[in-house]
Amino acid sequence: MVNASGTRAVARCDELGVAPYSVTDDFLYRGYLSAAHAAAVNRTAEWMREAGMSVRMDTAGNLIGRYEASQAGRKALLIGSHIDTVRNGGRYDGVLGVMLAIECVAYLNETGRRLPFAIEVIAFGDEEGSRFPVAMLCSRAVIGQDVTGTPDLVDGDDISLAEALDTFEHSITIPMPEGRLSASRRHPGDILGYLEAHIEQGPVLEAENLSVGAVSGIAAQLRFEYTLKGEAGHAGTNAMHLRRDALAGAAEIMVEIENLARSGAPDEVATVGSIQALPGAANVVPGEVKFMLDVRAGDDERRNLLSDRIRTVARDICEQRRLSLSIRKLQDLAASPSDPGFVQMMEDALEATGHPRKTLVSGAGHDAMILSELCPSVMLFIRCAGGVSHNPAEKVDQADADEALEVMLKFLDLMEARADAQFVQTD
């Protein structure tokens with residue numbers, strides 16, 4: 001009897017949901033390049049080796065397990081997701097996709113099967129952007145983007161990304177020179193494609209009583225840092241009509257952000273998830289406020305239009321309140337459709353395993369949208385209870401994970417069936 005299972009994948013996610021795989025016992029947080037990240041990397045590497053893979057790490061901190069093809073010199077199909085978490089996050093976002101990828105290889109290895117292409121299970125070190133203010137740093141590195149030289153790319157403790165990489169303590173061999181993230185770049189001729197399984201992070205599958213579904217594409221995203229500056233002053237002596245209160249101005253802008261997003265299509269969303277008011281004293285009128293704005297929509301044009309409307313309203317409010325406003329773009333991710341051929345294969349895999357040919361658009365960003373610049377990519381969504389994610393209440397049914405594994409293995413069967421020498425040989 002083959003031991004591989006989605007149930008074991010869920011159990012391993014649970015094991016990684018507590019210290020030392022979290023920086024604290026109070027809640028789950030596994031930040032990129034932290035001690036908790038290193039511990040999770042080391043444990044995951046053990047599971048990769050048990051499944052029959054050789055293991056290495058690239059210079060960006062991505063953990064990679066390779067299961068060789070039936071013949072040397074073949075391309076690799078990447079399967080994986082991210083292993084970092086948001087602060088006070090859930091146990092399955094990202095890491096379940098890594099654990100299911102390991103289970104795919106475990107099944108092949110236990111049944112003595114090699115495919116006409118290699119499989120590389122990849123656990124990206126950063127996707128969330130919860131430690132440094134840019135998300136998907138590690139998948140960006142794989143496609144050749146290097147942001148380590150950005151001077152203000154520091155964490156909350158003023159540790160730069162380059163410094164954090166230099167001091168990352170783990171037990172995995174890096175068989176290439178230490179250096180910038182660009183050393184992690186993969187050549188398109190070596191990569192067959194990318195498959196990512198992920199919890200849906202939304203309510204659609206649950207509402208339709210479905211355990212899994214294919215992802216047809218990922219919404220466009222923009223992320224900004226808004227900075228408002230007024231004048232700090234004594235809370236007791238500053239007359240209300242004379243104040244230049246940066247926090248009051250920011251609050252008015254946030255209400256308008258919500259109104260503008262609500263007036264658009266259901267897939268048009270805008271979120272302020274982080275705010276800092278200075279000097280931060282109860283008896284001082286705030287003189288400066290910074291907040292992060294995240295804007296998303298199903299296509300670039302409507303995302304950009306919503307962002308422009310928010311900027312215009314913010315400028316008008318700041319002018320009326322005698323506040324200065326500066327806006328810094330932190331992230332610009334275009335809408336990312338999945339590869340049509342891979343989507344069709346995923347739909348075929350769903351049908352062949354007894355599921356409807358269901359497709360969804362992802363409102364959340366994923367490493368797949370970055371990898372799509374390197375190779376054909378597709379995602380499989382897995383139902384999560386209530387659509388809740390980025391939350392300790394995140395929950396996945398073990399039976400759904402078992403069904404997701406079946407679909408992923410069938411996807412591999414279909415890829416094998418269509419493979420020929422031209423399809424799998426490296427350039």
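In this predicted model, the lining of the largest cavity comprises six nonpolar, four polar and one charged residues. The volume of this cavity is about 50 Å³, and a search of the whole structure finds two cavities of 30 Å³ or more.

The residues that line the largest cavity are Ile218, Ser336, Pro337, Ser338, Asp339, Ala368, Met369, Ser372, Ser377, Val378 and Met379. At least two lining residues come from each of strand S13 (336–337), helix H10 (367–371) and S15. Strand S15 contributes the most, with three residues.

The second largest cavity is lined by His82, Asp84, Thr85, Val86, Gly89, Gly90, Asp93, Glu128 and His390.

| Cavity | Volume | Lining by class |
|---|---|---|
| Largest cavity | about 50 Å³ | six nonpolar, four polar, one charged |
| Second largest cavity | about 30 Å³ | one nonpolar, five polar, three charged |

Ser377, one of the residues lining the largest cavity, belongs to strand S15 (residues 377–382). Ser377 counts as buried because its relative accessibility is 5%, the cut-off being under 20%. A polar atom of the Ser377 side chain lies 3.2 Å from the backbone oxygen of Cys375. Leaving aside residues up to four places away in sequence, Ser377 touches Tyr194, Ser338, Asp339, Phe342, Ala368, Leu371 and Ser372. Ser338, Asp339, Ala368 and Ser372, which are among these contacts, also line the largest cavity.

Conventions:
Residues are numbered from 1 along each chain as its sequence is written. This is a predicted model: local features need pLDDT of at least 70, side-chain atom pairs count only at pLDDT 80 or more; totals for chains, interfaces and linings use all residues. Side-chain values use heavy atoms; hydrogens and water are left out. Helices (H or I, at least four residues) and strands (E, at least two) are DSSP runs, numbered from the N terminus. Buried means under 20% relative accessible area, exposed over 50%, partly exposed in between (1.4 Å probe, protein chains only). A polar contact is a pair of N or O atoms within 3.5 Å; within protein, one must be able to donate a hydrogen and the other to accept it, and residues adjacent in sequence count only if both atoms are side-chain atoms. Contact means heavy atoms within 4.5 Å. On a 1 Å grid over the protein atoms alone, a cavity is a set of points where a 1.4 Å probe fits but cannot get out, and a pocket is an open set with protein on both sides within 12 Å along at least five of seven lines; lining residues have an atom within 4 Å of a point. Grid points are joined across faces, edges and corners, and a volume is the space filled by probe spheres set on the points. Ala, Val, Leu, Ile, Met, Phe, Trp, Tyr, Cys and Pro count as nonpolar, Asp, Glu, Lys and Arg as charged, and the others, Gly among them, as polar.
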